[in-house]
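Colleague: I have the coordinates open and would like to go through them with you. Could you start with how you are counting things, and then take me through the two chains?

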Amino acid sequence: MRLSGLLSYVLYECKANEVLLSKEISIIKDYVALEKERYGERLDVSFNFSGDIEDKMIVPMLFQPFIENAFKHGTSQQLGKVWMSIDLSVKKNQLYFKIINSCDNNPVAVPEKHGVGIENVKKRLGLLYPGNFKLQNGVEDDVYIVSLSLELKESVIKKSSESNIPVLKTV
Amino acid sequence: MNIRCLIVDDEPLAVRLISSYIQQVPGLEITGACNNAIDAFTVLREQKVDLLFLDIKMPKLLGTDFLRSVSNPPKVIFITAYRDYALDGYELDIVDYLLKPVSFTRFMKAVSKATRLISLDNNFSSINTEYNNNSDSFLYFKIDKERQKVLLVEILFIESSKEYVKLHLEGGKSLLVKQGISSLEKLLSPHRFLRVHRSYIVTIEKISSYSPTYITIGNNKIPIGRLYKNEVLEVLKH
């Protein structure tokens, strides 16, 4: 069920310019839950979603590349116990997203390959939130950190929803 | 909080009837009505809907097929002129199945069942892992050559001492982490932790009082650095 939910989200719902942040969060949770199936007890994930999340809108699949990267370049390269922390909080329109994953100290495990995915997200952010975001990534001791701060746009959802209820106006 | 209802039905008369029923019930409100399932996708994406009144036989996309493809659907009540979909109803875990023409009494019965389930869900999620319950989030810190798990709610404040930092925890405990304070700061959410001094980071929700020069957490007085003062007071004011 989770997988089908993810697929239908990616295929159909992501066409919109913006989606509910809470929706995006439930997709993150579903995706991590799927990965967890694979790792089992070996993986320890910390979630923190806090602040003014209700009714906020965001461009779809914005965080997904970071999360996939964390699994692909971080935890999947390691033996033994691995951990990850995903933290997203909103204060007024200011959103902070931070993902931390354990990685080996050995430099080979942190290749320069990170490039493409992150570069694409940067471009996307530059187009969608010009001048309103700050993205940092790097290794700190033996953990990999990506942090993103973002000024969310004032949401314009009310307008589009009204067009869907013409029937009611005649009631 | 009101239960937000969405009606999806291709017959305007049915929509009118159900919305007039909804309006008669206190605690329910209508967020929208769609005459096809495709539009309903958009509404579900953009708005919070608690309860969906869904017709089945609609042009383009059947209500049942629509429901199958929605991730995390709201509670659903089928409203249809056909008896043949009851089995799908079980599979899709719907709340109730109303056969047209729908009487108000039968409608009320379905709604009260849905209300009960929704309030159950709400209680459950507020106790459980929904937003603003950060009690189980954690980080692993480098302690004695290995990474040790520390729950973030345990941390009162963080003090730097040379190449180590000391995590001051609830209950007078403390842990020595082999990491510089600025490097460790990068692991922490700025909405939750605040650098107040060259040598100190505090957990915002643990602060019991503050003045322009120091912060009190429990019995500890933590100085506010001159360089950090403006930013700290700005954050604490909100």
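Modeller: Helices here are DSSP runs of H or I with at least four residues, strands are runs of E with at least two, and both are numbered from the N terminus. Please keep in mind throughout that this is a predicted model.

Colleague: Fine. How many helices and strands does chain A have, then?

Modeller: Counted that way, chain A has 6 helices and 7 strands, and from the N terminus on they follow the order α-β-α-β-β-α-β-β-α-β-β-α-α.

Colleague: And what share of chain A is buried?

Modeller: Chain A has 171 residues, of which 32% count as buried. As for its contacts with a separation of 6 or more, 75% are between residues 24 or more positions apart.

Colleague: Which strands make up the sheet in chain A, and in what order?

Modeller: It is an open sheet of 5 strands with mixed pairing, in the order β2-β4-β5-β7-β6 of chain A. Because β2 (43-51) and β6 (133-140) of chain A stand at the edges with a single partner strand each, one side of each has no neighbour in the sheet. Neighbouring strands of this sheet are turned by 5° against each other on average, if direction is ignored.

Colleague: Take β4 and β5 of chain A: parallel or antiparallel?

Modeller: Strand β4 (residues 82-91) and strand β5 (residues 94-102) of chain A run antiparallel and are joined by 8 bridges. If you want a pair to look at in the viewer, A:M84 stands opposite A:N101 in β5(A).

Colleague: What lies across those strands?

Modeller: Helix α2 (residues 21-39) of chain A lies across β2 and β4 of chain A, and it runs at about 170° to β2(A). Helix α3 (residues 64-74) of chain A lies across β4, β5 and β7 (143-151) of chain A, and its angle to β5(A) is about 10°.

Colleague: What is the strand order in the open sheet of 5 strands in chain B?

Modeller: The order is β2-β1-β3-β4-β5 of chain B, and the pairing is parallel. The edge strands are β2 and β5 (96-99) of chain B, each of which pairs on one side only, and the twist averages 20° from one strand to the next.

Colleague: How many bridges join β1 of chain B to β2(B)?

Modeller: There are 6 bridges between strand β1 (residues 3-8) of chain B and β2(B), which run parallel, and B:I7 stands opposite B:A33 in β2(B). Helix α1(B) packs on this sheet, where it touches β1, β2, β3 (51-54) and β4 (75-80) of chain B, and its direction makes about 165° with that of β2(B).

Colleague: Last topic, the interface. How many residues does each chain bring to the contact?

Modeller: The contact takes 35 residues from chain B and 37 residues from chain A. On the side of chain B that touches chain A, α1 (12-24), β2 (28-34), α2 (37-46) and β6 (138-143) of chain B each supply at least two residues, and the largest share, 6 residues, comes from α2(B).

Colleague: And what is the split into nonpolar, polar and charged on that side of chain B?

Modeller: The side of chain B that touches chain A divides into 13 nonpolar, 16 polar and 6 charged residues.

How values were computed:
Residues are numbered from 1 along each chain as its sequence is written. Chains are lettered from A and ligands numbered from 1 in the order in which they are written. This is a predicted model: local features need pLDDT of at least 70, side-chain atom pairs count only at pLDDT 80 or more; totals for chains, interfaces and linings use all residues. A residue is buried if 20 or more other C-beta atoms lie within 10 Å of its own, exposed if 12 or fewer, and partly exposed in between; C-beta atoms are placed from the backbone. Two residues are in contact if their C-beta atoms, placed from the backbone, lie within 7 Å. Two strands pair if DSSP finds at least two bridges between them. Axes are lines fitted to C-alpha atoms, for helices over the stretch in contact, and angles run from 0 to 180 degrees between N-to-C directions. Ala, Val, Leu, Ile, Met, Phe, Trp, Tyr, Cys and Pro count as nonpolar, Asp, Glu, Lys and Arg as charged, and the others, Gly among them, as polar.
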